[in-house]
2 protein chains.
Amino acid sequence: MTLMDTGVADAYPTRIPGNPELLDRTDPTVWGAASDGPIDAATLASHDAKGYSIVEGLLSPAEVQAYWQELVRLSADPALNADERVIREKQSRGVRSIFDVHRLSEIIDELVRDPRVLDRARQILGSDVYLHQTRVNYMPGFKGAGFYWHSDFETWHAEDGMPSPRAVSCSIALTDNYPFNGGLMVMPGSQRTFIQCAGETPEDNYKNSLKEQKTGVPSEDHVTAMAAEHGIDQFTGQAGSALFFDSNILHGSGNNITPYPRSNIFLVFNSVENALLQPFAAGKPRPDFIAGRDFTPLRR
Amino acid sequence: MTLMDTGVADAYPTRIPGNPELLDRTDPTVWGAASDGPIDAATLASHDAKGYSIVEGLLSPAEVQAYWQELVRLSADPALNADERVIREKQSRGVRSIFDVHRLSEIIDELVRDPRVLDRARQILGSDVYLHQTRVNYMPGFKGAGFYWHSDFETWHAEDGMPSPRAVSCSIALTDNYPFNGGLMVMPGSQRTFIQCAGETPEDNYKNSLKEQKTGVPSEDHVTAMAAEHGIDQFTGQAGSALFFDSNILHGSGNNITPYPRSNIFLVFNSVENALLQPFAAGKPRPDFIAGRDFTPLRR
């Protein structure tokens, strides 16, 4: 454990010179109990062990269609053309993600407060929660680029000042996820290990890292060791299903050469008891649209 | 049907200016009968409909290990360092494929004459067969590049002068194929359609096309139409299983960011009644190590 300039002890040091190591996570994965919300005891135990859980049909087909239309509308909105919250593919320039999307879309703002989503996030984190990040992702067919293995928490800790991995992401599929169109891969159980990453964080790193991550990337040796220990699970399933996954689970995705696009809504809930401090391994915090600093608890 | 300079009618014109089209294939997929070899009637009928069939455990675990060691030996052989038959990854320079491999390896030369392989090829093609191409493929973990949708026959016809799609490929897995480590995807039934491709063939096209194909690539509209009609099947299974697939089936593969490499032996059998002519849409034929011109029937 190292001590920051601010005097805060850092249980998860990263972006270090020298040889990064695998550290045991000290914090729990699940903070709440079965009696606290809609997740039953068996699912909660499985989430605790694997670092993720799936809710089939969280959205109805009609809801999927409504959200899909919302995504189409947003990606074509000329008012968002030059908006920094819109991230484009490096090569094709197509829209890849739109951040802070609950502020741009009324129905997504409703979704983050929907009990099907909010109550599960509160239950897993065992407290009130606020939004650390929201976005919609578009992976086009034919040329959709994947994302190499990483832990979200590693970045949120280093660049946003999130103290502990007491955050959970909810990814809601708006398209069918096949095994072959770039669906999310996770290493179940890997959330129990914090993988230190080598190297210093470049200034304004987020401007490139949202398209292709070069800092905060685990070594191939560490990815190999984690795969040997945990194996790989892939998130497949029909549009409308939701994946809740731990902020520190090792995950990635392949590219997509099929004609089937892949889109999802991505919501990150953080415990109000885990509010952001100063970045643990970067010069200045990332902008609010990537790492929210309004810690007001979400209410229905 | 167009007429070549040589006076040979061309049922499969491609690399054309203007708007390429989808053409119905006139030739059969399966030329032999169940009584001709080891493939039973049901499997043969399925191969006819889908354009592929799978033989689980064609190689025993001990054989897989022997062939795997052979691949390791070949890729490390300094005598092959500058050999044109060795194709390397564009970025990493790692070995991607070794062509003409039955001439470089005694045990692979035995394999092409093995009744488990040869008798099936003869049965599907309904005649004596010879080797159009052999190679071993290495797809490394972490950075293995995939291959975009294509028909092999389109290239063999245009650049090698193969008259008809009376050829079959046999891909034998030497590593386990998961859904997520870049396994082959095929569109079942697509072998019944010849997808014309636009554009002229550049000189010495093979020097680049073996790494990344830019000519002989179907349009996205055609790939979308074929996927809508046929769907996508993925070749997964244990090391030692074999996939026999039609020369004209539309297939491709995604990239591989997992730590699990993927290797296979790839053998292309052509009917002796379908021997190569001059290229149908290229200046000069490709070299012998890519498109064999020894039409002597293979014997055990």
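**Two chains and their contacts**

Mentor: Start with the symmetry. Chain B superposes on chain A by a rotation of 180° with 0.0 Å of shift along its axis, at an RMSD of 0.0 Å. The two copies are thus related as by a two-fold rotation axis. Keep in mind that this is a predicted model.

Trainee: How many residues of chain B are in contact with chain A?
Mentor: 23 residues of chain B are in contact, and they meet 23 residues of chain A. Of the interface residues of chain B, 100% are also interface residues in chain A, so the copies meet through the same surface.

Trainee: What area do chain B and chain A bury between them?
Mentor: About 1900 Å², with 68% of it on carbon and sulfur atoms. On the chain B side, B:Phe142, B:Phe180 and B:Ile257 lose the most area to chain A. Together they make up 32% of what that side buries.

Trainee: How many salt bridges cross the interface of chain B and chain A?
Mentor: The rule finds 2 there. B:Lys143 forms a salt bridge with A:Glu220, where the closest N and O atoms are 3.7 Å apart. As for polar contacts, 3 residue pairs are counted between chain B and chain A.

Trainee: Which elements of chain B each supply at least two residues to that side?
Mentor: S8, helix H7 (220-230) and S14 of chain B. H7(B) gives the most, with 4 residues.

Trainee: Switching to sheets. In what order do the 4 strands of the open sheet in chain B come?
Mentor: S8-S14-S10-S12, with antiparallel pairing. Strand S8 (147-150) and strand S12 (233-234) of chain B stand at the edges. Each has a single partner strand, so one side of each is left without a neighbour in the sheet.

Trainee: And how many bridges join S10 to S14 in chain B?
Mentor: There are 3, between residues 184-186 of strand S10 and residues 251-253 of strand S14. One to look at: B:Val186 has B:His251 in S14(B) as its bridge partner.

Trainee: Back to charges. How many salt bridges are there over all chains?
Mentor: The count comes to 34. One of them joins the side chains of A:Arg299 and A:Asp128, at 3.0 Å from N to O. A:Arg299 lies in the segment after strand S15 (262-271) of chain A, and A:Asp128 in the loop between helix H4 (115-125) and strand S7 (129-139), so the pair ties together parts that are 171 residues apart in sequence.

Trainee: Is A:Arg299 buried, exposed or partly exposed, then? What does its accessibility say?
Mentor: Partly exposed, at 48% relative accessibility.

Trainee: What about B:Arg15 and B:Glu159, buried or exposed?
Mentor: Both are buried. Their side chains meet in a salt bridge, 2.7 Å from N to O. B:Arg15 sits in the loop between strand S2 (9-10) and strand S3 (22-24) of chain B, while B:Glu159 is in helix H5 (residues 152-160), so this pair links parts that are 144 residues apart in sequence.

Trainee: How far apart are the closest N and O atoms of B:Asp100 and B:Arg103?
Mentor: 2.9 Å, in a salt bridge. B:Asp100 is buried, at 8% relative accessible area. B:Arg103 counts as exposed, at 53%.

Trainee: Last one. Where is A:Ser53?
Mentor: In strand S4 (residues 52-55) of chain A. A:Ser53 is buried, with a relative accessible area of 9%. Its side chain makes a polar contact with the side chain of A:His47, at 2.9 Å.

Technical notes: Residues are numbered from 1 along each chain as its sequence is written. Chains are lettered from A and ligands numbered from 1 in the order in which they are written. This is a predicted model: local features need pLDDT of at least 70, side-chain atom pairs count only at pLDDT 80 or more; totals for chains, interfaces and linings use all residues. Side-chain values use heavy atoms; hydrogens and water are left out. A salt bridge is a side-chain nitrogen of Lys or Arg within 4 Å of a carboxyl oxygen of Asp or Glu. Buried means under 20% relative accessible area, exposed over 50%, partly exposed in between (1.4 Å probe, protein chains only). Two strands pair if DSSP finds at least two bridges between them. A polar contact is a pair of N or O atoms within 3.5 Å; within protein, one must be able to donate a hydrogen and the other to accept it, and residues adjacent in sequence count only if both atoms are side-chain atoms. Copies are superposed by least squares on the C-alpha atoms of residues with pLDDT of at least 70 in both. Contact means heavy atoms within 4.5 Å. Buried area is the accessible area (1.4 Å probe) that two parts lose on being put together, summed over both.
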